[in-house]
Amino acid sequence: MMENAWLIPLFPLLSFLILLLFGKRLKEASAYVGILLTLASLVFSILVLFERFSEPTYITKFNWLTIGDLHLTAGFEVNQLNALMLFIVSLVSFLVHTYSKGYMNGDERFPVFYAYLGLFTFAMLGLVISPNLLQTYIFWELVGVGSFLLIGFYYYKEEAKAAAKKAFIMTRIGDVGLFIGMILLFWETKSFEYSAIFAAVDAGAISGTMITLTAILIFIGAVGKSGQFPLHTWLPDAMEGPTPVSALIHAATMVAAGVYLVAALFPLFAASKTALLTIAVIGAFTAIFAASIGLVQTDIKRVLAYSTVSQLGYMMLALGSAGYVAGVFHLMTHAFFKALLFLAAGSVIHAVHTQNIEEMGGLWKKLKFTGPLFLIGTLAISGVPLFSGFFSKDEILIAAWEGGHPILFLLALIAAFMTAFYMFRLFFMVFTGEARGDQKHVHESPNNMTYPMILLGVLAVIAGYVNTPWFGSFLGDWLVDGNPALGHGHIEGPIWIMIAATVVSLAGIYFAYMMYYKRSIARNTISGTGDTLHTILLNKYYVDEFYQLTVVAFTKGLSYFLRFIDVFLVEGLVKGVVGIVQGLGRTGSKMQTGQVQTYGAVAFIGLALLAVIFALTGGYLR
Amino acid sequence: MNLHAVLTILVFSPLLGIVILAFMPKQAEKLIKVVGLLATVPALLIAIAAYLHFQWGKDLADFAVSTSWIQFRGMGGVPEPFFSVNYELGLSGFQLVLVVLTAVVATLSALAAAKFVKKEWKGYFMLFLLLEIGMLGVFTAENLILFFIFFEITLIPTFFLIGKWGYFEKEKAAYSFLIYNGLGSAVLLIVIMILFGKTGTTNIEMLTKIIADPSAPLSGDLKLGLLISLLIAFGVKLPIFPLHSWMLKVHVQAPPSVVMIHSGILLKIGAYGLIRFGMGIFPEQFKTLATLIAILGVVNLLYGAFLAFIQTDFKMVLAYSSISHMGIVLIGLAAMNEAGVQGAIFQVISHGLISALLFFLVGVLYERTDTSLIENLGGIAKGMPIAAGFLLAGAMASLGLPGMSGFVSEFMAFLGLFKELPWIAAVGTIGIIMTAAYLLRAVLGMTYGKAHREFTGVLDLRGVELIPVGVLMLLIVLIGVFPSVLSSPLQTTLETIMLGLGG
Amino acid sequence: MSSVPASAFLALALILFCIGLYGALTKRNTVIVLISIELMLNAVNINLVTFSKYGMAPSITGQVFALFAISVAAAEAAVGLAILISLYRTKKTVNIDEMDTMKN
Amino acid sequence: MTFSGEFLAFMGIALVAIIGGVLLLNLTKVVHMVVALIFTFVAIAGIYVLLSAEFVAAVQILIYSGAITIIMLFGIMLTKHDDENEPKTGKWRKILVFLGIVGFAFAVYIGIYNFNIEQVSTALHENNTMQIGKALYSKYIIPFELTSVLLLAALVGSIILAKNEKKGADNE
């Protein structure tokens, strides 16, 4: 089965092509094309995953491009991480395809939406089976385009247009880092192959500085894609896209690609302490930074977006603390519960037609499925014991502690508290209390929307049990099997960490409960609406404005300055040349009076001039 | 099989069309268009056949032809008693891909012309076919004099095509085109004549050998001077900052079908000349100038990108984007290694296809809406989704999206330069970001967002218009996904160049 | 042997030539222009004759050439005047400014 | 330099020639100009005599002072002259041409000044006419004959040009 893994990405590509060419004719039926072909991918992925449990890594490649005596290859590789990612991506993609059938129902560009979904899924699946950096980069960019197209799906909305543009350009800034890192690495090892790179790192063929440099450059790519600080601002804006898209791309799969990249190149990063520390610091900072913004947002999707940023920061922290398994594990559980949360949020939006949580409330009774499912997701992300998020978060905290970063550990703990708090704030404001908006027409979503959510809900609960301190670390052992560079399958940590994590998350839930359900603590206890801290948080620390004032203004300024040069200097040069030519021409044509005498005079003066010059300088006349 | 006549037929096949057109009445619009279009087809078929000939493993040297043409006595002081100019055509892998590109773009441009040209079709197509002869000749000439003649043949028809069938300021654009390119070719002529006078030959292969010989009657300084002159001569064509301003006018004022040719092929003559003559004949000196060329390349790349960022006319955006993309060619050349040079050549081809596509679309948009201002066009995705889709796809190709040809060339050019001059290359990567920024700004400004005004009766791409965009898009994706269709013919050319560079 | 140096003759010729030239280039009357040209020719003749006497190998050739020059000048004057007259018939003027048919 | 008689004669003749030339430039009436020129031509004949070229001197007087001057006078008489109201040549043009001529004269004079001409005794003054005759009819017979052709051509040409033909006039 594994030798046919290359088929997995091709199914969605086929879907993309079919829908692009015949979408207009297929109309609503295009959903079935997409769903069936992603289902095929999912089936193949599951088969590959199960086969990978027993079989060794499969890798194959062919010559893609010849440059003199350099041969660049393309191919695919099925190792543990890739097989796992294949499963996650195709599963979420399949569920989102199904869900969208209901959510996007009635949209006039329905086939286009499915075509874009197919393109994205193709790119994402291609990304996770790439055996070399170049191919990774290629699909890395393609998922960016998929994301771009889907964010801008409502193309007639100015916000969607701006968000799509912003997403593409900001991730591209990161991609350039990856691009440079990849090329530098290539000239060090003469190969893009992961295996060749790891071998060179192992053999010490690359200098320490170079490893650090390339690792950090590649990490910049991951920062862009995974919305880490300081390139995080596009991700919340990306919520302008349709909600299923947010679930698929901006929660479960693409944004996790940065984490995947770091994980896939983990042996390279592990070779540089500085690079790892950078990742850990950025990850931890992003985790708490985004969580704090999430505390005050009022748009349901933006809260979830900041929570995504924060959770991705967690994963980065894990990887940076050498917790390979912890990072990947959280990537998996997060994919399930965050996709669930988004789909549930989509279901809510579908029901009430607003995204502002101030206008919701009291939906628990009306949305019989969505409410409990959303609660499951919230519990999972808050790290309440027995849910999947609890186990993975615990692993990360242990990794951070054992990795020797007590400060980062503390930050992570605070972020965990905040996460629990704002997620339950969200839950209470949406589902409990009085209805604050018009809810007459609220109804539960159709089945093809609820079933995917139910499946994800189940996974959000049970996915954590594949790697627990109690029932054995099956996932961890499997992931690091045969590859000592990735570290241990399970890191033993002190038991108090788990207790602390539980206490912290319960405390967060308690505060949220008191504030937003019981309302026994006023909402403005810590910081009132309208005071400085609240304003700063509401405005996301003014990062966007800062960029607008610095980077964008600088670029514009430089552009106008260059235009000034172009118009006045270069064009002036041209005008000067043209003027001289024209002037010469005019004088020349004036001289053509037709009078032989004038011609003779001019010719003679020229001759005289020459004669004088010769006489003075000593030419032929001397 | 005797294939020596093939190239001559290829180059002069449009002549048949010119002759037929000459005897046709001016008013027979349909017939003229059909003849004009069909006259480009033989060249296209032959070019494709030659490509297949190569891919089937046969030797391209089969096509070479060399006949004695002009001979005259030497004027003393030169090794050989005779100066001879032969009629020499040939085809290397590099030339082959350019000829195919030319033939394809020419046919598509003829198709576009049948759509866009509104008056005096007879004159247009005759000049157009003459232009095609010039272009095909430039890419197959094996001898500098012949090259120069064909080079000049391309100038005159272009001048008239711009000056007569262009938009409002067509005359100005045409003159500015002629003056710049005239000066460029004057410099080129001087270089050719000095080479001819000093060595007694203009055959490119012979020249390469003679120049490489240290006992040749050319001092190092002279060679450097000649190379710098070549850089200027082809720099006008490419164009290199600050010799670019003529090209902006041409891109804005010329009719779309001519801009397809101009941006797609004519600009590439500059790159071709730099690679074939600059790098091929003066490899040592090229090495000396590599850093300068790299800096010029980065300047071109960034300068074009930043200026494209604030343009209000989409044609201007594309014009500056051409400058920016030609910077990548220079970057690739400056790397002086296989990856870089191959990247440069790829960029030449890829930009040819992409800009032909984009300018065709601009032509369509202009025809439908009478504007190419970004501001005025907002929201056309609603009215013409197919055109908007292709526009977006073209922009993606242009900004170097993997899976399309732009990426492969950009990637290889940077791959090459990072090996030699990493810091300059690192500065150049800002261009990658800026390219995305300005293209998305422009294309999204036109296609996305609310429609500022309703374009009544605006029709989407249809019928015959889909052929050029479809074919170009297909080629762009083909090269992006299977770059070996291009890279395999290039290997021998690369080896030759690398041999000259001693690396 | 002569006590007058050759350069004196040459200088005289030069002065006459310059006068003739100035006249030919500035005078408005076509007849005067023609006459000035004659003067220039004369200056040249002086040179010819001078060199027939002075120099390493004096010979009669200089004088013969002067004769040829004189006869050609005579022919030139005749033709020139004939052209002038026929021009005058059409233009009714001898002003040189009017003779700009070359322009159109 | 000795003030020999020959030298004084040269100075005198040269002065006459130059004065004639200057008058040619400065007189206003065309007829006066031509008359001034006659002085120059005759003076030049004198120069020829000084240069041992009696025959050339004779020819000079015959052709220039005689024939050409007469032709010119005919030309003047056959055309209308409005000497007073003739438009003046541009001032700048005059200055420029004058400067050019001064420069030219200066350059040529440097040449003459540096041109060291040796003088050897000659027998040109003995039987000058005979010597010319011998040279013309032996060594230069072909140019001599060609000159006659030229003169004939000039004769025919002049007649045709000057003939008052109505048709030709219409075509102009």
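## Chain D: overall fold

Read along the sequence, chain D follows the pattern α-α-α-α-α-α-α. Chain D contains seven helices and zero strands, where helices (H or I, at least four residues) and strands (E, at least two) are DSSP runs, numbered from the N terminus. This is a predicted model, in which local features need pLDDT of at least 70 and side-chain atom pairs count only at pLDDT 80 or more, while totals for chains, interfaces and linings use all residues. Residues are numbered from 1 along each chain as its sequence is written, and chains are lettered from A and ligands numbered from 1 in the order in which they are written.

Of the 172 residues in chain D, 26% are buried; a residue is buried if 20 or more other C-beta atoms, placed from the backbone, lie within 10 Å of its own. Among contacts in chain D between residues at least 6 apart in sequence, 54% join residues at least 24 apart. Two residues are in contact if their C-beta atoms, placed from the backbone, lie within 7 Å.

## Annotated regions

For chain D, an unreviewed UniProt entry lists "transmembrane region" at residues 6–27, 34–51, 57–76, 96–115 and 140–162. UniProt positions follow the numbering used here, feature names are shortened, and annotations may be inferred rather than shown by experiment. Residues 34–51 of chain D are 94% helix and 0% strand, with end C-alpha atoms 26 Å apart. Residues 140–162 of chain D are 96% helix and 0% strand, and their end C-alpha atoms lie 32 Å apart.

In chain A, UniProt (unreviewed entry) places the feature "domain: NADH-Ubiquinone oxidoreductase (complex I) chain 5 N-terminal" at residues 64–114. That span of chain A is 57% helix and 25% strand, and its end C-alpha atoms are 30 Å apart.

## Contacts between chains

Four pairs of chains are in contact, and chains C and D share the most contacts. This contact takes 65 residues from chain C and 77 residues from chain D. On the side of chain C that touches chain D, the elements giving two or more residues are helix H1 (6–26), helix H2 (30–53) and helix H3 (61–91) of chain C. H3(C) gives the most, with 23 residues. By class, this side of chain C has 44 nonpolar, 16 polar and five charged residues. Ala, Val, Leu, Ile, Met, Phe, Trp, Tyr, Cys and Pro count as nonpolar, Asp, Glu, Lys and Arg as charged, and the others, Gly among them, as polar.

Chain D also meets chain A, with 12 residues of chain D in contact with 11 residues of chain A. The chain D side of that contact comprises seven nonpolar, four polar and one charged residue. Chain B does not touch chain C, the nearest C-alpha atoms being 25 Å apart, and chain B does not touch chain D, with nearest C-alpha atoms 32 Å apart.

## Helix H8 of chain A

Helix H8 (residues 208–225) of chain A has 18 residues and reaches 26 Å from its first C-alpha to its last, close to the 26 Å expected at 1.5 Å a residue. The expected span is 1.5 Å times one less than the number of residues. Buried residues in H8(A) include A:Ile211, A:Leu217, A:Phe219 and A:Lys225. Among the elements that cover the buried residues of H8(A) are helix H6 (158–189) and helix H13 (273–294) of chain A. After H8(A) comes A:Gly227, whose phi is positive, near 60°.

Definitions and conventions:
A residue is buried if 20 or more other C-beta atoms lie within 10 Å of its own, exposed if 12 or fewer, and partly exposed in between; C-beta atoms are placed from the backbone.
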